[in-house]
Amino acid sequence: MKYFVIGDEDTILGFGMVGVKGRQVSNESEADAAFKEALSDRENGIIIITERIADMIRPLVEHYIFTIGFPLIVEIPDRLGKMQGKPGIRELVNNAIGIKLQ
Amino acid sequence: MNISPTKSNLLATKRALVFAEEGYTLLNRKRNVLIREIMQLIDDAREVQESIETVFARAYSSLQKANLSIGIEYVEELGFSIPENDSISYRLRSVMGVEVPSIEEIDENIEPSYGFFRTNTNLDQAFKAFQKALSLIARLSEIETTVYKLSVEIKKTQRRVHALEKVLIPQYKALVKFIESYIEETERDDFFRMKMLKARR
């Protein structure tokens, strides 16, 4: 299976170098369209999406991550680095199951 | 609950109570196993996430340098010549009945398919860094998806455990108590009635 990357210019360029196709997006409707395009091809096993773009379509992404589980979705930092104030995986899980893990 | 207080109902309710308690113990154990599993994975996930951050910081900065030194169009063109990466494959395995993906080892070494002409070390570094990022991404995707799926399952199990613990088991216990006391009461009634009859004769 293949990777598919949804990101800004730099991510597309960088992943293009290692043989990963993708779609460059800059706003919410483009992000939505690109995400659906990525999902429509069953050959896409892993969708790589930058945090900033994932935030534009947060409910959609969350739906796929938590309930569908295929394809695998990974959020990566973009060239400006990791987003501030983004909840880590531990917080996400704590919120989801409503109990505190130390 | 609207159940007539008879002996057979008492037996049935007691059976249901035992069954509910058994289910409670089982689910509780399942929940504990899942939580232990998820905690382990969360630590792994954080480790991979941290290394992804550093790898990406390096990847973006070398990409930027490459863009500056040999031109963004040329870097883009190089991308077209590289065969599409379709090296991932994964199987589903089951953790306490939850299907989680497990990615097969992927080949980290993609040969650069550009020549020495008009390229430089910055480009090589960017290439290497993105390659490393890609394999980390595969690993992270496996861990994260597993964590999310397990967390959904934990939530479900949690609800069931609570429903049994806080609602069903107390309900059955109250019912057993009610039927028992009612039957005792009728027994005492009968006993007394017998005595009265005996005395009158």
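This is a predicted model: local features need pLDDT of at least 70, side-chain atom pairs count only at pLDDT 80 or more; totals for chains, interfaces and linings use all residues.
Local features are described here where pLDDT is at least 70 and side-chain atom pairs count only at pLDDT 80 or more, while totals for chains, interfaces and linings use all residues. Residues are numbered from 1 along each chain as its sequence is written, and chains are lettered from A and ligands numbered from 1 in the order in which they are written.

**Chain A**

Let's start with chain A, which has five helices and four strands. Helices (H or I, at least four residues) and strands (E, at least two) are DSSP runs, numbered from the N terminus. Read from the N terminus, the order of elements is β-α-β-α-β-α-α-β-α. The strands build an open sheet of four in the order β2-β1-β3-β4, with parallel pairing. At the edges stand β2 (21–24) and β4 of chain A, each with a single partner strand, so one side of each is left without a neighbour in the sheet. Direction ignored, neighbouring strands of this sheet are turned by 20° against each other on average.

Strands count as paired if DSSP finds at least two bridges between them. The parallel strands β1(A) and β2(A) are joined by four bridges, and Gly7(A) has Gln24(A) in β2(A) as its bridge partner. Helix α1(A) lies across β1, β2 and β3 of chain A and runs at about 155° to β1(A). Angles here run from 0 to 180 degrees between N-to-C directions, and axes are lines fitted to C-alpha atoms, for helices over the stretch in contact.

**Chain B**

Chain B has three helices and two strands, arranged α-α-β-β-α from the N terminus on. Its radius of gyration is 34 Å, whereas a compact globule of 201 residues would have one near 17 Å. That radius is taken over C-alpha atoms, and the globule rule is 2.2 Å times the number of residues to the power 0.38. Along the principal axes, the C-alpha atoms of chain B fill a box of roughly 125 × 25 × 25 Å.

The strands β1 (residues 90–95) and β2 (residues 98–103) of chain B run antiparallel and are joined by six bridges. Tyr90(B) stands opposite Ile103(B) in β2(B). The two strands form a hairpin with two residues between them, and Met96(B) in the turn has a positive phi of about 50°.

Which residue of chain B lies 8.7 Å from Tyr24(B), C-alpha to C-alpha? It is His162(B), 138 residues away in sequence. His162(B) belongs to helix α3 of chain B and is exposed, with 12 other C-beta atoms within 10 Å. A residue is buried if 20 or more other C-beta atoms lie within 10 Å of its own, exposed if 12 or fewer, and partly exposed in between, with C-beta atoms placed from the backbone. By that rule, 41% of the 102 residues of chain A count as buried, and buried residues make up 28% of the 201 residues in chain B.

**Where the chains meet**

The contact takes 32 residues from chain A and 46 residues from chain B. Two residues are in contact if their C-beta atoms, placed from the backbone, lie within 7 Å. On the side of chain A that touches chain B, α1(A) gives the largest share, six residues. This side of chain A divides into 20 nonpolar, six polar and six charged residues. Here Ala, Val, Leu, Ile, Met, Phe, Trp, Tyr, Cys and Pro count as nonpolar, Asp, Glu, Lys and Arg as charged, and the others, Gly among them, as polar.

Helix α3(B) lies across β3 and β4 of chain A, running at about 115° to β4(A).

| Helix pair | Angle | Axis distance |
|---|---|---|
| α1(A) and α3 (residues 121–200) of chain B | about 90° | 8 Å |
| α1 (residues 7–70) and α2 (residues 72–81) of chain B | about 115° | 6 Å |

The angle makes α1(B) roughly perpendicular to α2(B), a label for 65 to 115 degrees; under 35 degrees counts as roughly parallel, over 145 as roughly antiparallel and the rest as oblique. Helices α1(A) and α3(B) are likewise roughly perpendicular to each other.

Within chain B, Ala66(B), Asn67(B) and Ile70(B) of α1(B) meet Ile72(B), Tyr74(B) and Val75(B) of α2(B).
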